[in-house]
Amino acid sequence: MKSKSLEGDEPDGKVFLDISMSLDGFIAGKADDVERLHEWILDFKTGIFKKSEILNELFERTGAIVAGRRVYDITSGWGGNHPIRGVPVYVLSHDIPENVPQGGTVFSFVSEGIEVAIREAKESAGDKDVYVLGGAAVAQQCLEASLLDEIQVHIAPVLLTEGIRLFDHFGSECIQLEPIRALESHGTTHLRYRIIK
């Protein structure tokens, strides 16, 4: 049985965006290149994850994941095994792909919009948190609908100059943030904020 909040209508976990970004605001470069943004996570020569308190915390706090269809397609559904094992992934999509890779990750395809995807993910996550991993359109929809509690951005020491921007197209309302933490590891600055509602 999942724990509920005192109001009895919402699970206790938070909804957070966690994403790597260049100093000039891009979450992917030309042709969806993200390697330089994720060097703090993965040794691309060996395919081995780097040891990191930030990464350990991300794995520990995540109870469900929300992703966009574009990210799902680019990663080929993580080959059926998202790196955060045993956690369901909710994919915002207009349809269900013909071939969903088989593995340890359970995928649910949500066509009813971001609010439904977040609600279903929160129900699955229980007391743990919902990790919104992107892409940019999903992050922007979450911001516009006031669905996020926190944002964690990993600023890579690179200026991509072009690609996909994170903070575009999410309305004209000012969004205030409260700094929670700033850390540095593997040459990347990790900034965590609470969204003031």
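Modeller: Gladly! Let's start with a rule: two strands pair if DSSP finds at least two bridges between them. Keep in mind that this is a predicted model.

Colleague: What makes S1 and S8 a pair?

Modeller: Three bridges join S1 to S8, and the rule asks for at least two, so the two strands pair. They run parallel, and Leu17 stands opposite Val132 in S8.

Colleague: How many bridges join S1 to strand S9?

Modeller: Seven bridges join S1 to S9, residues 150-156, and these strands run parallel. Here Ile19 stands opposite Val153.

Colleague: Why is S1 called largely enclosed?

Modeller: Buried means under 20% relative accessible area. Eight of the eight residues of S1 are buried, so the strand is largely enclosed by the rest of the structure. Both faces are covered: Val15, Leu17, Ile19 and Met21 are buried on one side, and Phe16, Asp18, Ser20 and Ser22 on the other.

Colleague: Now helix H3. How do you know that its reach is close to what is expected?

Modeller: H3 covers residues 114-125, which is 12 residues. From first C-alpha to last, the helix reaches 16 Å, and 16 Å is expected at 1.5 Å a residue. Just after H3, Gly126 takes a positive phi of about 60°.

Colleague: Which residues of H3 are buried, and what do they pack against?

Modeller: Ile114, Val116, Ala117, Ile118, Ala121, Lys122 and Ala125 are buried. The buried residues of H3 pack against several elements, including strand S1 (15-22), strand S8 (129-134) and helix H4 (136-144).

How values were computed. Residues are numbered from 1 along each chain as its sequence is written. This is a predicted model: local features need pLDDT of at least 70, side-chain atom pairs count only at pLDDT 80 or more; totals for chains, interfaces and linings use all residues. Side-chain values use heavy atoms; hydrogens and water are left out. Helices (H or I, at least four residues) and strands (E, at least two) are DSSP runs, numbered from the N terminus. The expected span of a helix is 1.5 Å times one less than its number of residues. Buried means under 20% relative accessible area, exposed over 50%, partly exposed in between (1.4 Å probe, protein chains only). Contact means heavy atoms within 4.5 Å.
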